[in-house]
Amino acid sequence: MIEQRRVAVWRDGAAVPVPADQPVVTAFDLGLARGDGVFESVAVLGGRTPHLDAHLARLVRSAELLGLADPGATAWRALVATAVAGWPADVEGVCRLVLTRGLGEGTPPTALALLAPVPAETVRQRTEGIAVVTLGLGVPADFRAGAPWLLGGAKTLSYAVNMAAQRHAHALGADDVVLTSLEGRVLEGPTSTVVWAAAGTLHTPPVETGILAGTTQARLFAAARAAGWPTASTPGTVEDLHAADAVWLVSGVRGAVAVHTLDGVRRGDAGLSPRVGELLAG
């Protein structure tokens, strides 16, 4: 048996492995005290991270939006390699990259890689699909694009609202959430991108709404276009989701998970989920 959790920290220009049960940051770290940081969750498949480049590019963008010092791609690759070294090929994992402001101005940032097996619940949702409720985010769809202080499009550590939305969904007997704007437009999931199929086209909300640009959604759409399946950035509504042939929540570790119930209404996927899965696997 191996220790099923790994930690690596960037110290003095090197990636250092640390036992998973040992502390790696001070209690005064601003990532802990204020959620002042960014992160990425990278799938580990067959002991490798085949989609790492896209996550590193998004991490750089998130760090820029927060004005965070970034140790650079070389440091992140070294952290990932240290965490993943010796990880069994038959154990699917999730490697979380975390960057915080550290102790503040004039101090180095905190950079970590955390590796653990993919939870059983994630695997269940892939195979069985999910029930989803729609919840309002309370802002107009185009507001965050002109409000950089709201950090639209950044994958920040400040996920308290996201997690509260999921807990509320669980209390209602659902698995996950589709967040909507003040006027009822579809935005994103707390940890996912919304994708739906309608009229022979794959749709996703425009990033101009301030949603996080999905790395897995981008990969899916590129593969779909190459296979002759049209794609579109569409300002959809909840009614559009109900009328769609299929709806998925898409993310890096979970993949494309079919929505089988939306706001208490059962729905199908028109047999399209296997095709989506094949495109992502290819």
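Good morning. I shall begin with T193, which touches T204, L212, G214, Q217, W248, L249 and V250, leaving aside residues up to four places away in sequence. T193 belongs to strand β8, residues 193-198. Its relative accessibility is 7%, so T193 counts as buried. Please bear in mind that this is a predicted model.

I turn now to the sheet. Five strands make up an open sheet, ordered β2-β1-β5-β4-β3, with antiparallel pairing. The edges are taken by β2 (14-18) and β3; each has a single partner strand, so one side of each is left without a neighbour in the sheet. From one strand to the next, the twist averages 20 degrees.

Within this sheet, β1 (residues 6-11) pairs with β5 (residues 110-117) over 4 bridges, in the antiparallel sense. Which residue in β5 is the bridge partner of V7? That partner is L114.

Helix α2, residues 52-66, lies across β3 and β4 (93-100), and runs at about 175 degrees to β3.

Next, the aromatic residues. The count comes to 1 aromatic pair. In that pair, the ring centres of F39 and Y159 are 5.1 Å apart and the planes stand at 80 degrees; because an angle over 60 counts as edge-to-face, the pair is edge-to-face. F39 sits in strand β3 (residues 37-44), whereas Y159 sits in the loop between β6 (130-136) and α5 (160-171), so the pair ties together parts that are 120 residues apart in sequence. Are these two residues, F39 and Y159, buried or exposed? Both are buried.

Finally, R275 lies over the face of W229, 4.0 Å from the ring centre. Thank you for your attention.

Terms used. Residues numbered from 1 in each chain as written. Predicted model: local features only at pLDDT ≥ 70, side-chain atom pairs only at ≥ 80, totals over all residues. Heavy atoms only, no water. Phe/Tyr/Trp six-rings, centres within 6.5 Å; stacked < 30°, edge-to-face > 60°. Helix = DSSP H or I, 4+ residues; strand = E, 2+ residues; numbered from the N terminus. Buried < 20%, exposed > 50% of the residue type's maximum accessible area, 1.4 Å probe, protein only. Lys NZ or Arg CZ within 6 Å of the ring centre and 35° of its normal. Contact = heavy atoms within 4.5 Å. Pairing = 2+ DSSP bridges. Axes fitted to C-alpha atoms, helices over the stretch in contact; angles between N-to-C directions.
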